[in-house]
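Thanks for coming. I will go through the confidence scores, then the domains, then the nonpolar cores.

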Amino acid sequence: MKHIDQKVPTTLCAISTTSSAVNKTGSWRFSRPVFIDSIPPCSYECPAGEDVAGFMYLAANGRFEEAWRLIIKDNPFPAITGRVCFHGCEAKCNRAEHDEAVSINSVERYIGDYGLNHGLTVNNNSAKRGEKVAIVGAGPAGLTASYYLRLWGYHVTIFDSSALPGGLMRYGIPSYRLPKEILDGEISRLRQMGLNFKMGTTVGKDISWNKIDRQFDAVFVAIGAHREATLKVKGIEKKGILNALRFLREVNLGRQPVLGKRVAVIGGGNSAIDCARVSRRFDANVTIIYRRREAKMPANAEEIKMAREEGVQFLFQAVPLEVCGNETVAGLRLQKVALKNANSSDRGQPVPTGETFYIDCDTLILAIGEDVNKEDLPRHITYKRNRVETGHMGRIGDSKFFAGGDIIDTPRTVTHAIASGKRGAVGIDRFLAGLPLGKSSLDPYRLGDSENISFSLTTSTVPFPKRNRTREVVNYSNLNPFYFDRRPRMKTGIIPAEERARSFQDVVISPIEEEVTTEARRCFNCGSCTGCGNCYLFCPDLCVKNDPDGNGYTVDMDYCKGCGICVQECPRGAIKMEFVRE
Amino acid sequence: MKKVLTGNQAVAYGAMLSDVKVVAAYPITPQTTIIETLADMQAEGIGDFDYIRVESEHSALSVCIGASMGGVRAFTATSGQGLFLMHEMLHYATGARVPVVLANVNRAPALPWNIWSDQTDSISQRDTGCIQLYCEGNQEVLDTTIMAFKIAETVRLPAMVILDAFWLSHTSEPVDIPEKEAVQKFLPSFDPGDMWLDPENPRTFGSVSMSDVYMEFRWLIQRDMERAKGVISETHTEFGNLFGRNYHQVEGYLTDDAEVVIVCSGTVASTGRVAVEVLRSEGKKAGMLKVKTLRPFPSDEVKNALRDKEKVAVIDRNFSPGAQGVWAQEIRSALYELADSERPLLYGYIAGLGGRDINIGTIRDIYERTSQSETPEDADIWVGVKYV
């Protein structure tokens with residue numbers, strides 16, 4: 001008090017005379033944040049390349065029509081795949097490391113059903129194209145190819161020897177897994193797009209391949225694999241031996257199969273499970289006989305579980321030696337086998353142990369796979385390991401023929417068939433436009449090094465702004481789990497096993513909207529900017545700004561010091577730091 | 001309107017009637033019911049303010065500083081460890097010259113853990129530049145909360161309203177709650193003047209100041225702290241005129257002819273009044289001096305009140321390890337300015353730490369001991385302590 005300087009500050013605290021904006025702190029920076037879009041593991045894994053993170057976000061907000069429209073960019077049948085896809089996406093879901101994987105399948109099913117219940121349709125609003133394309137085979141691959149080609153304006157004619165379209169989706173998959181009205185609903189939407197269906201027409205018989213070749217500018221062949229494999233055991237010619245696909249076809253046509261009281265099914269794949277579960281529905285006592293262990297079965301684990309719940313019995317590490325009985329099947333003599341070299345990567349080789357035993361049965365169903373029937377296909381086709389040999393985009397040699405579905409070298413699932421149909425459609429489109437069909441032609445639609453094509457993630461900015469797409473798949477360590485609470489996965493409603501085994505109604509109870517939105521909110525939306533605002537809120541320099549074009553956020557590089565807080569606080573790994581010399 | 005209120009409820013009413021716009025706080029015993037009451041008031045629409053939940057006391061005061069710099073009245077409350085966590089931001093509030101008001105319920109510092117009354121928490125904030133107002137009863141708590149805003153906003157420094165844990169915070173008394181209109185007349189809306197963060201006129205507040213100006217800014221704090229002494233007195237007077245309740249920075253009771261003046265603060269002052277009456281009834285010339293403000297320290301008033309007295313006994317419910325009770329140190333410093341002939345002998349007593357009761361008997365002992373002593377000892381006397 002007693003030593004007062006004459007020059008007292010005029011303000012009580014140091015206040016600048018102008019805005020601190022004059023201090024462009026961006027010059028302090030040696031690294032900068034970049035908004036990126038990385039690949040969610042679910043989409044990477046999805047053969048159809050669906051934007052799971054995107055449709056989850058839309059579903060979480062009750063925007064089901066938009067969610068549906070997003071899915072059908074990549075998959076014309078969400079109500080079907082929502083039921084029958086084996087959802088490898090869920091096995092890769094980052095949420096599994098947090099608590100439990102998101103029930104992607106249930107949400108997709110709801111969205112697909114939403115589309116059907118609300119009569120949502122697709123407009124082929126593209127420019128009309130003059131070229132004509134023939135699709136041979138109206139299964140999931142052929143229908144998918146025709147969907148895209150029609151969408152892009154081509155004249156599409158579909159040939160199929162069956163009375164109704166759908167292929168194995170209609171004649172293979174039992175209706176308790178895929179109700180016929182769902183299948184019909186999804187296909188009728190394709191009909192409305194102006195597809196020309198020639199049902200009951202077998203190409204190569206009713207119309208020659210040459211004629212098809214002459215009349216059409218391009219051909220997509222996806223007739224499926226129907227050549228039944230058989231067992232080389234004594235007594236295999238006896239009555240009471242059924243082939244899996246023919247058996248399922250009979251049942252799917254609504255006919256009463258000729259089935260005894262004790263059914264043995266040989267095989268470990270999904271059709272073996274289908275045959276067994278169908279047989280249970282005809283009140284038969286059913287045993288599945290498989291030469292390896294349960295863990296080595298190619299069938300889907302959930303299907304195995306449901307089959308067991310419905311009363312199907314299993315006999316592992318056994319192979320048939322002889323079909324017993326006089327003229328008709330009365331039993332099986334089997335041999336126990338040991339597994340050689342079985343480990344996590346190898347399913348192992350069954351080797352005979354010499355120990356034999358006998359079981360009673362009056363019906364034997366062989367579900368041991370099908371091959372491509374080469375007689376049903378044009379002669380110029382070449383094969384590799386009994387599958388049609390194709391080029392990068394499903395093209396057969398240098399011809400106008402493309403192939404997809406079970407005749408080519410791809411896993412035999414509906415979703416893989418859809419993927420091959422989509423790939424074939426892109427191939428035909430490029431072929432007709434005179435564009436190259438090389439190895440890198442599909443790269444713009446690929447997710448990183450994946451073979452799968454995604455239109456939604458590569459061509460759409462809905463619902464997330466997609467900038468600086470990377471080739472990296474997001475893993476859990478790229479996320480900030482602090483921002484996600486822990487909540488259990490939704491419980492899928494399943495009809496009680498006793499009830500299931502008595503009817504062909506859908507075994508899964510459709511989820512309700514609230515369950516679906518709640519489950520969809522569990523999705524991390526890995527690698528995408530959902531506009532959560534964390535970067536905006538946390539930026540100490542207030543330089544993260546809303547993009548004026550509504551495209552997420554931008555960073556004002558005049559002021560960004562490169563502190564990296566936005567990267568740290570981004571829940572989804574949608575920002576990364578980039579070292580720069582500026 | 002009279003209501004039976006705990007000290008903590010009185011604080012909440014004081015803040016609400018002061019028309020605070022932002023309350024940010026973190027709960028801690030024994031402060032919790034202050035912010036619970038405020039949260040209820042906010043939820044029920046009795047108070048028109050935002051209640052901002054924070055994760056620590058450091059953030060609580062930070063939010064209040066931000067709100068105040070945004071140009072609105074802000075309030076927080078805490079106790080003991082919570083106040084220690086606010087320490088950094090108390091200095092900041094002073095430097096930023098924001099008139100935030102906070103209530104501190106005196107709680108003994110850990111370790112060992114103790115939730116009971118002890119002034120060491122607030123005393124430890126002595127040098128932060130925050131005005132400190134110690135209260136004796138629940139009415140004073142409510143009235144002081146309202147006055148604290150006026151004082152703080154006039155001199156643009158933070159202010160702390162201090163009340164004893166449990167003796168006030170959780171003890172009910174009839175309290176006269178003033179009408180909101182009357183309070184608004186006494187305390188109009190906060191006018192930040194030119195010192196606020198105006199988005200239309202962005203400026204930087206408190207940026208780096210080198211040694212050529214730093215000292216000047218600190219001197220301005222001191223200038224205004226000195227000015228606060230007058231402002232507090234004027235505010236007391238104005239409040240007294242409007243509401244009929246008079247408060248003083250220093251208030252004597254039966255001191256005129258006292259041979260021993262016992263200096264008290266907080267609730268000890270109310271015990272002190274009764275103790276002095278008891279001693280007087282026994283023919284002993286005891287007097288009591290209540291000191292309400294620690295910062296700014298009313299040295300002139302203290303000097304005048306104690307000039308020519310024979311002996312002064314200072315009761316400290318706090319202590320500064322390695323030195324003495326802080327009130328005793330402050331009063332001794334003030335008395336130093338008196339001439340030798342006018343200066344009383346000063347006896348320091350440490351009592352009631354961690355909520356140990358200071359009752360009439362305690363004060364009688366202090367009186368007797370002081371009365372019988374010829375010269376003060378070198379160190380404070382720890383009253384009733386079980387030495388090991």
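Chain B of this predicted model has an average pLDDT of 96, and 100% of its residues score at least 70. For the complex as a whole, the predictor reports an ipTM of 0.79 and a pTM of 0.75.

Let me start the domains with chain B. Domain 1 covers 2-243 and domain 2 covers 250-382. Their C-alpha centres are 28 Å apart. How many residues does each domain of chain B put into the contact? Domain 1 of chain B provides 27 residues, and domain 2 of chain B provides 18 residues.

Now the domain 1 side of that contact in chain B. Three elements each supply at least two residues to this side: α5 (120-123), β6 (131-134) and α8 (211-243). Of these, α8(B) gives the largest share, with five residues. Sorted by class, the side of domain 1 of chain B that touches domain 2 of chain B has 15 nonpolar, six polar and six charged residues.

On to chain A. Here domain 1 is written in two segments, 132-225 and 372-441, while domain 2 is 229-369. The C-alpha centres of these two domains of chain A lie 31 Å apart. Four residues of domain 1 of chain A and eight residues of domain 2 of chain A make up the contact. On the domain 1 side of chain A, the residues that touch domain 2 are two nonpolar, one polar and one charged.

Which residues have the most contacts inside the largest nonpolar core? They are M56(A), A59(A) and V265(A), in a core of 139 residues. Both domain 1 (132-225 + 372-441) and domain 2 (229-369) of chain A contribute residues to this core, so the core lies between them.

To take one residue from that list, look at M56(A). Setting aside neighbours within four places in sequence, M56(A) is in contact with V102(A), V107(A), A520(A), C523(A) and N525(A).

To recap the two contacts: in chain B, 27 residues of domain 1 meet 18 residues of domain 2; in chain A, the figures are four residues from domain 1 and eight residues from domain 2. I will stop there and take questions.

How values were computed:
Residues are numbered from 1 along each chain as its sequence is written. Chains are lettered from A and ligands numbered from 1 in the order in which they are written. This is a predicted model: local features need pLDDT of at least 70, side-chain atom pairs count only at pLDDT 80 or more; totals for chains, interfaces and linings use all residues. pLDDT is the predictor's confidence in each residue, from 0 to 100. Domain bounds come from an automatic or database domain assignment. Two residues are in contact if their C-beta atoms, placed from the backbone, lie within 7 Å. Ala, Val, Leu, Ile, Met, Phe, Trp, Tyr, Cys and Pro count as nonpolar, Asp, Glu, Lys and Arg as charged, and the others, Gly among them, as polar. A nonpolar core is a set of buried Ala, Val, Leu, Ile, Met, Phe, Trp, Tyr and Cys residues joined through C-beta atoms within 7 Å. A residue is buried if 20 or more other C-beta atoms lie within 10 Å of its own, exposed if 12 or fewer, and partly exposed in between; C-beta atoms are placed from the backbone. Helices (H or I, at least four residues) and strands (E, at least two) are DSSP runs, numbered from the N terminus.
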